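Reader: I have not looked at this structure before. Please take me through it one question at a time.

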Amino acid sequence: RKEKRAQMQRLMDEWQGHESKLELEVERLAVATQQQAEDASSTKRSLAAARERENFLTQQQETIRQKQIQHLEETSRRWQQEVQTLRQNLERTQQVTRVVGLEQGTSHAPSDC
């Protein structure tokens with residue numbers, strides 16, 4: 001009877017040892033799971049921030065591109081106006097040269113060829 005009691009006590013002690021180990025393992029797994037959840041959340045936030053930065057940079061690039069296009073169009077218009085003004089001035093100069101040449105009877109006026 002004592003032997004059975006001692007054997008039961010040993011089994012109970014052994015069971016409690018296993019139970020303690022299992023409780024520690026459950027606690028360890030809970031901490032690891034919590035850490036993984038925090039890591040996943042942090043990664044998700046990092047990805048969202050990276051997407052926001054990427055979107056911002058894309059918008060900035062598009063704004064810069066639009067400004068460059070606008071600047072080039074304005075420059076092109078100015079140059080076209082300048083070319084037109086220079087052509088008009090050249091035509092006036094040629095007309096004046098022809099008139100003066102005719103008045104003076106010289107043949108130095110530019111030809112109309």
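**Salt bridges and the helix**

Reader: Which residue forms a salt bridge with R65?

Author: This is a predicted model. The closest N and O atoms of the pair are 3.1 Å apart, and a salt bridge requires a distance within 4 Å. The residue that forms the salt bridge with R65 is E62.

Reader: How are R65 and E62 separated along helix α1?

Author: Both residues belong to helix α1, and they are three residues apart. An α-helix has 3.6 residues a turn, so residues three or four places apart point the same way. The separation of R65 and E62 is therefore about one helical turn.

Reader: Is R65 buried or exposed, or in between?

Author: The relative accessible area of R65 is 41%. Buried means under 20% and exposed means over 50%, so R65 counts as partly exposed.

Reader: How many salt bridges does the structure hold?

Author: One of them joins R65 and E62. E25 forms a salt bridge with R28. The number of salt bridges in the structure is two.

Reader: How far apart are the closest N and O atoms of E25 and R28?

Author: E25 and R28 both lie in helix α1, three residues apart, about one turn of the helix. E25 is partly exposed because its relative accessibility is 34%, and R28 is partly exposed at 46%. The closest N and O atoms of E25 and R28 are apart by 2.7 Å.

Reader: What is the distance between the end C-alpha atoms of α1?

Author: Helix α1 covers residues 2-104. At 1.5 Å a residue, its 103 residues should span 153 Å. The distance between the end C-alpha atoms agrees with this, and is 149 Å.

Reader: How far apart in space are K2 and Q80?

Author: K2 has its place in helix α1 and is exposed, because its relative accessible area is 74%. In sequence, K2 and Q80 are 78 residues apart. From C-alpha to C-alpha, K2 and Q80 are apart in space by 115 Å.

Reader: What is the C-alpha to C-alpha distance between Q16 and T97?

Author: Q16 is in helix α1 and counts as partly exposed, with 43% relative accessibility. Q16 and T97 are 81 residues apart in sequence. Their C-alpha to C-alpha distance is 119 Å.

Reader: Which residue follows α1?

Author: Helix α1 takes in residues 2-104. The residue that follows α1 has a positive phi, near 70 degrees. That residue is G105.

Terms used. Residues are numbered from 1 along each chain as its sequence is written. This is a predicted model: local features need pLDDT of at least 70, side-chain atom pairs count only at pLDDT 80 or more; totals for chains, interfaces and linings use all residues. Side-chain values use heavy atoms; hydrogens and water are left out. Helices (H or I, at least four residues) and strands (E, at least two) are DSSP runs, numbered from the N terminus. Buried means under 20% relative accessible area, exposed over 50%, partly exposed in between (1.4 Å probe, protein chains only). A salt bridge is a side-chain nitrogen of Lys or Arg within 4 Å of a carboxyl oxygen of Asp or Glu. The expected span of a helix is 1.5 Å times one less than its number of residues.
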